[in-house]
Amino acid sequence: MLTQDIDRLRSVKGRRTGVPTEAVEDTYHLVHASTQPWLRLARSRHAASDSKADRARWEAWIAALTPPPHGIRGTWSQACLLADAGGEMLRALSETLVPCPSVGTVAQEIQRRIEHGILTPSTRIRRRTLVKALRVPTSYVDLALADLAATGLVEARAGRRAPAPCAGGRVTATGRRQGLAIGATGVGAA
């Protein structure tokens, strides 16, 4: 049933103009009908999360996908964005159905690897390598690294696609992409 709801939300596409009001309303209803049965599970994942970054994404999805009490109003573009958010939440839920370590545990393991010299300063960190080594979804590694960045152990450097070396423990917020590397004081996201 989860995969069917994901597929339903995938069908909402396109940048159409002049979409009839009824079609926009139907799309909102489709999104809410596809996500409502899963919000309880999303709330439980939020409550059980041991990661600040993970809890933040669940909170955002739950807030966006909870229907407003006074009816649904919006544009076609907003309906498409809501469908995208719903699809992301459902895909994240499907990842949680496979047994694997929590995001907090992944962050602890990455930190342990740094502390034991397995990941050393100025060495590039390849996200794909961590995903394979830890046997977790890519989003778990991303969230764990976001948590480590919040503590100063990971440095975010924007504007790079691939991980690259970094110099210290500061987080920058410019640019679109972030990669990861170990800095002089810990792991950095480059």
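1. Let's start in a loop: R135 sits in the one between α6 (127–134) and α7. This is a predicted model, so keep that in mind as you look around. Is R135 buried or exposed? R135 counts as exposed, because its relative accessibility is 73% and the cut-off for exposed is over 50%.

2. While you're at R135, check its backbone. Its phi is near 55°, a positive value in a residue that isn't glycine. That's worth a second look, because most residues other than glycine have a negative phi.

3. Now step back to the whole chain. The protein chain has seven helices and three strands. Reading from the N terminus, the order is α-α-α-α-α-β-α-α-β-β. The chain has 190 residues, and 43% of them count as buried. If you take the contacts with a separation of 6 or more, residues 24 or more positions apart account for 64% of them.

4. Next, the pair on either side of that loop. The axes of α6 and α7 come within 9 Å, crossing at roughly 110°. That makes α6 roughly perpendicular to α7, because angles of 65 to 115 degrees count that way. The crossing of α6 past α7 is right-handed. On the α6 side the contact is made by R127, L130 and V131, and on the α7 side by T138, V141 and D142. Sorted by type, the residues of this α6 and α7 contact are three nonpolar, one polar and two charged.

5. α7 has another partner to look at. How do α5 and α7 cross? The axes of α5 (residues 103–115) and α7 (residues 138–151) come within 8 Å, at roughly 65°. These two helices are therefore roughly perpendicular to each other. Here too you have a right-handed crossing, with α5 passing α7. From α5 come V103, V106, A107, I110 and Q111, and they meet Y140, V141, L143, A144, L145, D147 and L148 of α7. The residues of the α5 and α7 contact divide into ten nonpolar, one polar and one charged.

6. V141 is buried, because its relative accessible area is 0% and the cut-off for buried is under 20%. Leaving out residues up to four places away in sequence, V141 touches V106, R127, L130, V131 and V136.

7. Back in helix α5, find R113. Is R113 buried or exposed? R113 counts as buried, because its relative accessible area is 17%, with the cut-off at under 20%. Its contacts, not counting residues up to four places away in sequence, are I118, L119, A133 and L134.

8. Last, the cysteines. How many disulfides does a search of the whole structure find? The search finds zero. Two cysteines to click on are C80 and C100. C80 is buried, since its relative accessible area is 11%. C100 has a relative accessible area of 28%, so it counts as partly exposed.

Notes: Residues numbered from 1 in each chain as written. Predicted model: local features only at pLDDT ≥ 70, side-chain atom pairs only at ≥ 80, totals over all residues. Heavy atoms only, no water. Helix = DSSP H or I, 4+ residues; strand = E, 2+ residues; numbered from the N terminus. Buried < 20%, exposed > 50% of the residue type's maximum accessible area, 1.4 Å probe, protein only. Contact = heavy atoms within 4.5 Å. Disulfide = S-S within 2.5 Å. Axes fitted to C-alpha atoms, helices over the stretch in contact; angles between N-to-C directions. Parallel < 35°, antiparallel > 145°, perpendicular 65-115°, else oblique. Left-handed = near helix turned anticlockwise from the far one by under 90°. Nonpolar A, V, L, I, M, F, W, Y, C, P; charged D, E, K, R; others polar.
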